[in-house]
Amino acid sequence: MKWPSWLRPGWIVLAIVALAFAYLCFTVLAPWQLNKNSQNSREMDQISRAVQEDPVPLRTFLPHQDSEAHEAQWRRVTATGHYLADKQILARLRVIDGEASYEVLNPFVVKDGPTVLINRGWVRPVQGTGMPQIEPAPTGEVTITARLRDSENAPPDRAPLDEDGVQQVYAIDTAQLAPMFGVPLTGSYLQLTPEQPGALSVRDLPHLDAGPFLSYGIQWIAFGILAPIGLGYFVYTEVKARRRERPAPTPEGSAPPPVTVEDKLADRYGRRR
């Protein structure tokens, strides 16, 4: 196949790469960063509201066993009931204050209400990954104050495990944990606030910082716009340069100039006169 003088297979490959890159910028990379920014902004707004509002009864947001409260994450709620102290699972590989930790999970039966999952707080492993001594949950009826949290998604490639006789999971996923405990759980779980019955070391609230995701998203959009523009500019300059290199047309009826030794050398080695 004979290509036009300015069009070569290399340019076609470059065009495909540039257009594919622009497509990825607009459909994958920019939306990914902008979605992260939206999630962080939503969480910041929920935390800001939660710290200003007084605790309310748990059944305000979780009235039934199959309830979940995505729009009320971080809100403080109160509940009276009892722990299922003999049912305990650890969430492993949690990073808290820059160090590996376990988070301790127990079901909590709300009086005249649903059974919810309680994140009692965190403990540090001993001697690397050894199992620490964990204070058991209290028995009997207690009243707790905790924060609503959205259930996490368990990684599909990491199944629960049993280590040193203790069941462990990689995410606080109520759908995964309910059959492991053998009791139903609401879609949202509770994270204890400090100095509550059964509380261990409790996580602080996240810092109110949306992060750099908005600027990253805008940068990917800019890259997606610049890629085809840059391709067009390079094609334009290439065509313009090749047009300048074309020999002047020979007047009609005149003989072409004789081929000199210099012309032959130029054709052979790429040098121009």
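This is a predicted model: local features need pLDDT of at least 70, side-chain atom pairs count only at pLDDT 80 or more; totals for chains, interfaces and linings use all residues.
I started with the nonpolar surface patch: helix 1 (9-52) and helix 3 (213-245) each supply at least two of its residues.

**The patch**

I listed the members next. Phe 21, Phe 26, Ile 221, Phe 223, Ile 225, Leu 226 and Ile 229 make up the patch, and together they have about 610 Å² of accessible area. Which helix gives the most? Helix 3 does, with five residues.

I checked UniProt for annotations. The entry, which is unreviewed, places the feature "transmembrane region" at residues 12-32 and 213-236. I then looked up how the model builds those two spans. Residues 12-32 are 100% helix and 0% strand, with the end C-alpha atoms 29 Å apart. Residues 213-236 are also 100% helix and 0% strand; here the end C-alpha atoms lie 35 Å apart.

**The cores**

Next I went inside. Which residues of the largest nonpolar core touch the most other members? Among its 19 residues, they are Leu 58, Phe 108, Ile 144 and Leu 190. I traced where the core comes from: strand 2 (76-83), strand 4 (99-110), strand 5 (115-123), strand 6 (142-149) and strand 9 (189-192) each supply at least two residues. Strand 6 gives the most, with four.

I took Ile 144 and wrote out its contacts, not counting residues up to four places away in sequence. Ile 144 touches Val 77, Thr 78, Ala 79, Tyr 83, Phe 108, Ile 118, Leu 190, Leu 192, Gln 196 and Pro 197. There is also a second, separate core of 13 residues, and I noted Leu 84, Ile 89, Leu 105 and Ile 172 as being among them.

**Gln 196**

Gln 196 turned up in the contacts of Ile 144, and I followed it up. Gln 196 lies in the loop between strand 9 and helix 3. Is this glutamine buried or exposed? Gln 196 counts as buried, because its relative accessibility is 19% and the cut-off for buried is under 20%. Leaving aside neighbours within four places in sequence, I have Gln 196 in contact with Thr 143, Ile 144 and Thr 145.

**Glu 99**

I moved on to Glu 99, which lies in strand 4. Its relative accessible area is 45%, so Glu 99 goes in my notes as partly exposed. Which residues does Glu 99 contact, leaving aside neighbours within four places in sequence? I found Arg 94 and Arg 124. I also checked Glu 99 against Pro 125: they are 26 residues apart in sequence and 9.7 Å apart in space, C-alpha to C-alpha.

**Positive phi**

Last, I looked at backbone angles. Leu 93 has phi near 55°, a positive value in a residue other than glycine. I located Leu 93 in strand 3 (residues 89-96). Leu 93 is exposed, with a relative accessible area of 51%.

Asp 112 also has a positive phi, near 55°, and is a residue other than glycine. Where is Asp 112? I found Asp 112 in the loop between strand 4 and strand 5. Its relative accessibility is 62%, so Asp 112 counts as exposed.

Conventions: Residues are numbered from 1 along each chain as its sequence is written. Side-chain values use heavy atoms; hydrogens and water are left out. Patches are made of residues with over 30% relative accessible area and no salt bridge: like charges are joined within 9 Å, nonpolar side chains (Val, Leu, Ile, Met, Phe, Trp, Tyr) within 5 Å. Accessible areas come from the Shrake-Rupley method with a 1.4 Å probe; for residues, only the protein chains shown count as cover. A salt bridge is a side-chain nitrogen of Lys or Arg within 4 Å of a carboxyl oxygen of Asp or Glu. A nonpolar core is a set of buried Ala, Val, Leu, Ile, Met, Phe, Trp, Tyr and Cys residues joined through side-chain atoms within 4.5 Å. Buried means under 20% relative accessible area, exposed over 50%, partly exposed in between (1.4 Å probe, protein chains only). Contact means heavy atoms within 4.5 Å. UniProt positions are given in the numbering used here, feature names are shortened, and annotations may be inferred rather than shown by experiment.
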